[in-house]
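Please look over the helix packing and one of the pockets in this model. The report below takes the helix pairs in turn and then moves to the pocket.

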Amino acid sequence: MEDKIRRAADLIQASRHMVAFTGAGHSTASGIPDFRSPGSGLWEKANPMLVASIWAFRLDPQRFYDWIRPLAEVMLTAAPNSAHYALSDLEARGFLQAIITQNIDNLHQRAGSRRVLELHGHMREATCVRCYEIVPVDPAFEQKVRAGKVPYCHCGGVYKPNVILFGEQLPVRVLNEAMAEARRCDLMLIAGSSLEVTPAADIPILAKESGARTILVNLQPTDFDSRADVVIHGDVCEVLPRIVAAVE
Ligand SMILES: [Zn+2]
């Protein structure tokens with residue numbers, strides 16, 4: 001383990017343009033369940049394909065809001081963990097140029113990271129599905145959802161949080177920026193992602209194929225393990241701060 005941490009730190013120090021790629025495993029220590037992966041608590045309660053798809057949302061927004069309410073509550077009260085702070089520290093020290101994340105929990109930004117590309121959207125805003133008006137998810141909006149109501153636009157359409165549901169395309173501008181970063185970087189640190197959700201999981205492959213070195217930190221083995229330059233199976237909250245501390 002110590003050897004691998006040293007090698008990872010050396011790669012970071014030698015890099016010119018480093019990008020991080022993070023997934024659900026990055027936030028589990030903050031209490032955020034992994035709602036897109038099978039086996040997580042939220043799959044067992046309700047199949048997200050049935051409630052968290054764009055078709056289900058259009059058919060029954062009340063059911064969607066009933067499902068997402070506890071998840072939204074957890075995200076509002078969750079705090080960034082040591083893995084989030086390790087990455088914001090790297091960015092502040094000039095070693096990290098961007099974070100590409102599959103997470104919608106806002107925790108990278110709350111830990112102080114500035115350049116965060118959110119492939120699956122976020123909950124800071126909502127969009128009317130009829131007139132496409134975008135509104136901030138402010139305390140009044142939250143209050144409505146907390147009270148069990150469906151938030152409606154003045155035009156009569158339902159507001160949908162700006163998270164990417166099953167059946168929706170990833171946001172084009174964000175995806176293009178993420179792909180540009182993957183092509184441009186000479187080092188990608190993949191942390192807390194099992195790389196099972198495509199097309200997001202294609203980003204590290206694109207980085208590798210464009211010539212970047214890769215460091216993979218994840219609790220479980222992944223299909224990418226054999227291609228990474230450094231693989232550490234461990235808790236991101238423990239491993240990332242150790243790697244960052246070893247970067248001089
Ligand atoms: Zn509207």
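## Helix pairs and a pocket

H5 and H8 cross in a left-handed sense. This is a predicted model. Helix H5 covers residues 61-77 and helix H8 covers residues 139-146. They pack at an angle of about 130°, with axes 10 Å apart. From H5, the contact uses Tyr65, Arg69, Glu73 and Leu76. From H8, Phe141, Glu142, Val145 and Arg146 take part. By class, this contact holds four nonpolar and four charged residues, with no polar ones.

Next come H6 and H11. Helix H6 runs over residues 82-92, and helix H11 over residues 236-246. Their angle is about 25°, and their axes lie 7 Å apart. H6 is therefore roughly parallel to H11, since angles under 35 degrees count as such. H6 passes H11 in a left-handed crossing. On the H6 side, the contact is made by Ser82, Ala83, Ala86, Leu87, Asp89 and Leu90. On the H11 side are Val236, Cys237, Leu240, Pro241 and Val244. Nine of these contact residues are nonpolar, one is polar and one is charged.

The remaining pair is H9 with H10. Helix H10 spans residues 202-209. H9 and H10 pack at about 35°, with axes 7 Å apart. Here H9 passes H10 in a right-handed crossing. Leu175, Ala178, Met179, Ala182 and Arg183 of H9 touch Ile203, Leu206 and Ala207 of H10. That contact has seven nonpolar residues, one charged residue and no polar ones.

The table sets out the packing values.

| Helix pair | Angle | Axis separation |
|---|---|---|
| H5 and H8 | about 130° | 10 Å |
| H6 and H11 | about 25° | 7 Å |
| H9 and H10 | about 35° | 7 Å |

How much space lies in the second largest pocket? The volume is about 490 Å³. The lining of this pocket has 23 residues, and those closest to its centre are Thr127, Lys160, Asn162, Ile164 and Pro171. Which helices and strands each supply at least two residues of the lining? They are helix H4 (54-59), strand S3 (116-118), strand S4 (121-128), strand S6 (159-163) and helix H9 (172-184). The lining divides into 12 nonpolar, five polar and six charged residues.

Notes: Residues are numbered from 1 along each chain as its sequence is written. This is a predicted model: local features need pLDDT of at least 70, side-chain atom pairs count only at pLDDT 80 or more; totals for chains, interfaces and linings use all residues. Side-chain values use heavy atoms; hydrogens and water are left out. On a 1 Å grid over the protein atoms alone, a cavity is a set of points where a 1.4 Å probe fits but cannot get out, and a pocket is an open set with protein on both sides within 12 Å along at least five of seven lines; lining residues have an atom within 4 Å of a point. Grid points are joined across faces, edges and corners, and a volume is the space filled by probe spheres set on the points. Helices (H or I, at least four residues) and strands (E, at least two) are DSSP runs, numbered from the N terminus. Ala, Val, Leu, Ile, Met, Phe, Trp, Tyr, Cys and Pro count as nonpolar, Asp, Glu, Lys and Arg as charged, and the others, Gly among them, as polar. Axes are lines fitted to C-alpha atoms, for helices over the stretch in contact, and angles run from 0 to 180 degrees between N-to-C directions. Angles under 35 degrees count as roughly parallel, over 145 as roughly antiparallel, 65 to 115 as roughly perpendicular and the rest as oblique. A crossing is left-handed if the near helix is turned anticlockwise from the far one by less than a right angle, and right-handed if clockwise. Contact means heavy atoms within 4.5 Å.
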